[in-house]
Amino acid sequence: MGLNASLYLLSLTILLVFSKVVTANNITLAFQKYSKFSIMSNLFIKTKLIVPISKYQTITVLAVSNDAISSITNRSEVELRNILMTHVILDYYDELKLQGMREKSIMLTTLYQTTGLGEQMNGFLNVSKSEGRVYFGSEVKNSPLNAEYVSTVYHNPFNLSIIQITMPIVAPGLSLAIFPPPPPPVPVSPSPTPMDASVVPAPGPAADDNSSDSAVPKTPPATATATDTPEADSPAPAPSADNEKIEAADKAKPSSSASKAGSSFDVILLLAFLASFA
């Protein structure tokens, strides 16, 4: 019994060591055998997930084909890393094990759960069986189970398994990196800023004066001329009645003296005529 137990422990140790080496070295090689998963294989290398995966002896990778994974390829490297870690199950599953599920729904632990950043169950997956079909989805509440199992692509029993699903699984909260919330900022009252004298407008007239000056151009007053005087522009004053009488008298003076001389001459002639009869 002692010899048999020793041989058993030795065989188990060799198997465990060999299994770990297989997982570390052959995950990319397993993908390389199937060109339709080349994008996902490159994403695992880009996000440097091969190293943390190699620390586990038993894993199952949920693989998505090139035409179905395009919906997440434009994400940042941090987002891709979070999403891809939820596609690495820390247990072994293949077609035989999935079809032999007794329960209709099982919760699976993913690599993302080991980071300590899992919140609201987004480090776990739900696998459900309905009418002979198997579906995967996030364990977060109200998350859809819409990634359907297609086939087992690669399997090394109880060590490494790669199974194909129809679409990537994006758990709520994994679209951005999760960090602890920063402390609330301390309100600081702003200090008055001295005003620069170069930008202070010079004092000027009021707004009404400025508006009137800008609206009506200033022109120098025109030089007064003879035609601009009130005397030239106003009509001559009309002659009064007294002035008319004086002027008429002045005009009548020569005529009245002449008439008086004529009258005296007539009287003299009359008297001479009367004297001739006497």
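Biologist: Where does Phe158 lie in this structure?

Modeller: In this predicted model, Phe158 lies in the loop between S6 and strand S7 (160-165). Phe158 has a positive phi of about 65° although it is not a glycine.

Biologist: Why is Phe158 called exposed?

Modeller: Exposed means over 50% relative accessible area. Phe158 has 66% relative accessibility, so Phe158 counts as exposed.

Biologist: Which loop holds Asn142, and what makes Asn142 exposed?

Modeller: Asn142 is in the loop between strand S5 (133-138) and strand S6 (147-156). Its phi is also positive, about 70°, and Asn142 is not a glycine. The relative accessible area of Asn142 is 73%; the cut-off for exposed is over 50%, so Asn142 is exposed.

Biologist: Why is the contact between Glu148 and Arg133 called a salt bridge?

Modeller: The N to O distance between their side chains is 3.6 Å. The definition asks for a side-chain nitrogen of Lys or Arg within 4 Å of a carboxyl oxygen of Asp or Glu, so the pair qualifies. Glu148 lies in strand S6 and Arg133 in strand S5, so the pair ties together parts that are 15 residues apart in sequence.

Biologist: What makes Asp91 and Lys97 a salt bridge?

Modeller: Their closest N and O atoms are 3.8 Å apart, and the limit is within 4 Å. A search of the whole structure finds two salt bridges.

Biologist: Is Asp91 buried, partly exposed or exposed, and why?

Modeller: Asp91 has a relative accessible area of 30%. Buried is under 20% and exposed is over 50%, so Asp91 is partly exposed. Lys97, at 36%, also counts as partly exposed.

Definitions and conventions: Residues numbered from 1 in each chain as written. Predicted model: local features only at pLDDT ≥ 70, side-chain atom pairs only at ≥ 80, totals over all residues. Heavy atoms only, no water. Helix = DSSP H or I, 4+ residues; strand = E, 2+ residues; numbered from the N terminus. Buried < 20%, exposed > 50% of the residue type's maximum accessible area, 1.4 Å probe, protein only.
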